[in-house]
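Hi everyone, thanks for making the time.

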Amino acid sequence: MKDHVDTIAAVATPPGKGGVGIVRVSGPRVPDIAKTLCDDVPEPRRATLCVFQDTHRKTIDQGLALYFPQPYSFTGEHILELHGHGGPVVMDLLLARVLELGARLARPGEFSERAFLNDKLDLLQAEAVADLIEATTSQAAQAAVRSLQGEFSRRVRHLLDALVQLRMYVEAALDFPEEEIDFLSDARVEKGLRDIDQEFCDLLQAARQGCLLRDGMTVVISGRPNAGKSSLLNALAGRDRAIVTAVPGTTRDVLREYIGIDGMPMHVIDTAGLQPSENVVEREGIRRAWAAIESADRVLVVVDDQLGLQEQDKNIFCDLPENVPYTVIYNKIDLTDRQAGLVADDPPSIAISALTGAGLDALRAHLAQAMGYQEGVAGEFSARRRHIDALHRAHDQVNSGRNQLEHNGAGELLAEELRQAQLAINEITGEFTNDDLLGEIFAGFCIGK
Ligand code: GDP
């Protein structure tokens, strides 16, 4: 616990009007601030009715004060929570008074950052706090709670322990060559490596699912005008989001919609019809459509099944960026009598009717499967891209160490790779993470958290 830190404050409830609004204060000056603002320091952890006063002892508001003395608080520092009436003016006045008494405005995520720095949470748990707040589906929220309760951290630590044990064994053997431990035939090393490999695979799979629950996928609906793109967006969203008309070129801007597929958030973007145009507004719409396509996880190219696949549709496939996969959607099958569902695998093609809803379940299942999302499997915990990257790096290092041992009998190289893998895994929980990365992570949080 550091005593030289300053005291921070922020409104912890969302902006706007509500029954209750909370100003949160953390740091060494909390007892002094409480004494002046509430006339006395409230009894620890007991909701105390107080009158909050300004410099001239005029009442700003009347509400509850909660005091959590260090180290038994979220941040590990003294915390004061002032529960007032949830109006923006009241909250501003209350916050201004706290700042006047010596606190400074907290940066985004600074309360969680202090909790991390004071060992109240590891980095995975701190990130889970933000993920829980940002969750867009109930499954994502549950996964974030499990991470917050330490489920992901426990699994990462278990893997780390296995790595450390193996490394110690290998290093001990290297230090005492007279014992002539033959690594190549040492079943313990081989079994250790096999178990660790399995643990990496299981953890990576769960982390990928956790990452999908958090970030979801971005799907862009594209195709020629009138193919039924807006109708497909509305059918997936289950409501009329986009204007549907028989007039080509109705959608001129990019429309976005969040939809959940069995708990995985899907960000669907409907774009202007991709066709050469002289119209300035339509041309801008088409430019934005291409920009959306560049960053998509998948593009759905909608084709009017009455017209069949035409040269212009094939041109769209050719123009798509190479790294963005696409699925062909044959729409309007209610008019063509084609069977709904998967039509072909390469490229994946699905027949639907945006009008009747036929084939939409097959499309949803295809999208989830294309992302590697396991439908019906509860997310074990929430995870982020950076966790997966670190796990991959560590896994590659262990694999390369194993190769060194198997092909070159190089036990010392195995030990070194195990050490590097250990460092990569420590980055996940924040044991060895540079300040820039920490700054980046906490800057993504909201103010007051
Ligand atoms: P967009 O220009 O590609 O966005 O196409 P829209 O969604 O605006 O649809 C163009 C026209 O096709 C509208 O008149 C829709 O009602 C019609 N349409 C769209 N999907 C279907 C479908 O599955 N079946 C039938 N029969 N008509 C459809």
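Okay, start with helix α6: E171 and R167 both sit in it, four residues apart, which is about one turn of the helix. Those two form a salt bridge, with the closest N and O atoms 3.1 Å apart. Before I go further, please keep in mind that what you're looking at is a predicted model.

So, are these two partners buried or exposed? Well, E171 counts as partly exposed, because its relative accessibility is 29%. R167, on the other hand, is buried, with a relative accessible area of 18%; the cut-off for buried is under 20%.

Stay on α6 for a moment, because there's another pair to look at. The side chains of R157 and D122 meet in a salt bridge, 2.9 Å from N to O. This one links distant parts of the chain: R157 is in α6, which covers residues 151-175, while D122 is in the loop between α3 (110-117) and α4 (123-134), and they're 35 residues apart. R157 is partly exposed at 38% relative accessibility, and D122 is buried, at 9% relative accessible area.

R393 forms a salt bridge with E427, and here the closest N and O atoms are 3.2 Å apart. What does that pair tie together? R393 lies in helix α12, residues 385-408, and E427 in helix α13, residues 411-429, so the bridge joins parts that are 34 residues apart in sequence. R393 is partly exposed, at 37% relative accessible area, and E427 counts as partly exposed too, at 24%.

How many salt bridges are there in the whole structure? A search finds 29. Some residues are linked in a network of these bridges, namely D6, E77, R104, R107, E110, E113 and R114.

Last stop, helix α14, which runs over residues 435-443. Which of its residues are buried? L438, I441 and F442 are. If you look down the axis of α14, the buried residues fall within an arc of 90°, so they line one face of the helix.

Key: Residues numbered from 1 in each chain as written. Predicted model: local features only at pLDDT ≥ 70, side-chain atom pairs only at ≥ 80, totals over all residues. Heavy atoms only, no water. Salt bridge = Lys/Arg side-chain N within 4 Å of Asp/Glu carboxyl O. Helix = DSSP H or I, 4+ residues; strand = E, 2+ residues; numbered from the N terminus. Buried < 20%, exposed > 50% of the residue type's maximum accessible area, 1.4 Å probe, protein only. Arc of directions from axis to C-beta.
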